[in-house]
Every structure is written in C-alpha cells, then in structure tokens.
Amino acid sequence: MQLQTPLTTTTRYTITPSPIADLMLTTDGPSITGLYMLPEHRHFPGPAADWVQDPTPFTEAKSQLAAYFAGELKEFDLPLAPRGTPFQRTVWQALTTIGWGETTTYGALAQILGNPNSSRAVGMANGRNPVSIIIPCHRVIGSDGSLIGYGGGLPRKQQLLSLEGVGVPALF
C-alpha cells in the first residue's frame with residue numbers, strides 16, 4: 001500500500017461504531033486521512049470548525065473495518081494520505097508492511113529504515129500515526145515483548161492484537 005500526498009481540501013468526517021470504540025474517519029476526498037478512537041485519542045486534531053460531517057465518502061472504509069473486526073479482512077485496500085513530516089510518513093509507510101497477526105519492535109523498524117539508532121524517533125512517529133488500525137501501529141511492541149505506547153490506549157492495542165491472534169501479556 002503506497003501512501004498518497006494529502007490534498008488541501010475541506011476535511012470530511014464520519015463516526016462509525018466498532019467493537020473497541022466509536023471511530024472517527026476523516027478524508028480529503030479521495031483518501032482516508034485519519035482514523036481516531038473516540039472519545040480520547042492522543043494527538044487527535046479535531047474536529048475543526050471547518051470540517052464537514054458527511055458519511056458518503058466512507059462506505060468502503062466502513063465495510064473494510066467491519067470485515068477486519070469480524071476477522072475476515074487481513075489487509076486493508078484503501079487510499080491513504082496521512083498528514084505528517086517526511087520522516088513520519090516514511091515510518092508510517094513501513095508500518096503498512098507489518099502483516100496481520102505479526103508484530104515488530106521499534107528497534108527493528110529503525111533497522112529496516114536504515115538507522116538502527118533511531119528507535120526512539122521511530123516510536124515518536126509511530127505514536128503520531130493519524131490512521132490507526134489501517135496503518136497498523138498497534139503491531140509495534142517493546143523489545144521485551146511488552147505492550148507500550150498506543151494513541152488509542154493500551155487496552156485497545158491489546159484488543160486489536162488479540163483479534164489478530166497475537167498472544168499478548170496482561171496489562172495489569
């Protein structure tokens with residue numbers, strides 16, 4: 001999946017229920033620009049005053065999310081255009097290569113990106129991923145196998161990994 005450059009247009013959004021939280025989806029028109037878990041998602045930017053609520057552009061995204069939560073979809077096929085720095089977008093692109101039911105570490109991602117000393121920066125970019133679930137930042141875990149850092153909260157990270165059949169440690 002190749003990330004697109006986001007367009008400068010009016011952001012459209014909708015809210016859809018899911019087994020883990022209500023999800024707010026945003027779009028620039030042709031591409032998904034955000035997926036946030038409500039009511040609280042770290043780094044959630046909106047909705048801004050100029051955003052328009054419109055469920056029309058999200059039919060396919062909602063369908064794929066429903067199939068994902070039903071365990072029927074292993075790989076999303078949606079145009080994505082997250083807003084971020086070039087480095088963040090590089091990290092987010094790398095996240096799209098982590099398959100269903102697989103995990104990796106921040107250090108391993110840094111190695112893949114050609115800078116093994118950048119695991120902290122990779123973690124920061126991972127935490128700013130605006131398209132949760134579809135760009136699977138929940139599949140990145142600590143080097144010791146622990147669940148660390150997730151914009152939607154660690155219980156949701158645990159739920160997503162469990163849905164994908166990943167054995168995860170208890171949070172408490």
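Ile-133 counts as buried in this predicted model, with a relative accessibility of 1%; here buried means under 20% relative accessible area and exposed means over 50%, with a 1.4 Å probe and protein chains only. Ile-133 sits in the loop between H4 and S6, and its phi is near 70°, a positive value in a residue other than glycine. Helices (H or I, at least four residues) and strands (E, at least two) are DSSP runs, numbered from the N terminus.

The loop between helix H4 (119–127) and strand S6 (140–141) also holds His-138, which is buried at a relative accessible area of 0%. Its side chain makes a polar contact of 2.8 Å with that of Glu-164; such a contact is a pair of N or O atoms within 3.5 Å, where one must be able to donate a hydrogen and the other to accept it, and residues adjacent in sequence count only if both atoms are side-chain atoms. Beyond four places in sequence, the residues in contact with His-138 (heavy atoms within 4.5 Å) include Ile-133, Tyr-68 and Leu-161.

What about H4 itself? Its buried residues are Val-122, Ala-125 and Asn-126. They lie on the same side of H4, because they cover an arc of only 100° around the axis, taken from the directions from the helix axis to the C-beta atoms. These buried residues pack against helix H2 (86–95), helix H3 (106–112) and S6, while the face turned away from them carries the exposed Arg-120 and Met-124.

Residues are numbered from 1 along each chain as its sequence is written, and side-chain values use heavy atoms, leaving out hydrogens and water. As the model is predicted, local features need pLDDT of at least 70 and side-chain atom pairs count only at pLDDT 80 or more, whereas totals for chains, interfaces and linings use all residues.
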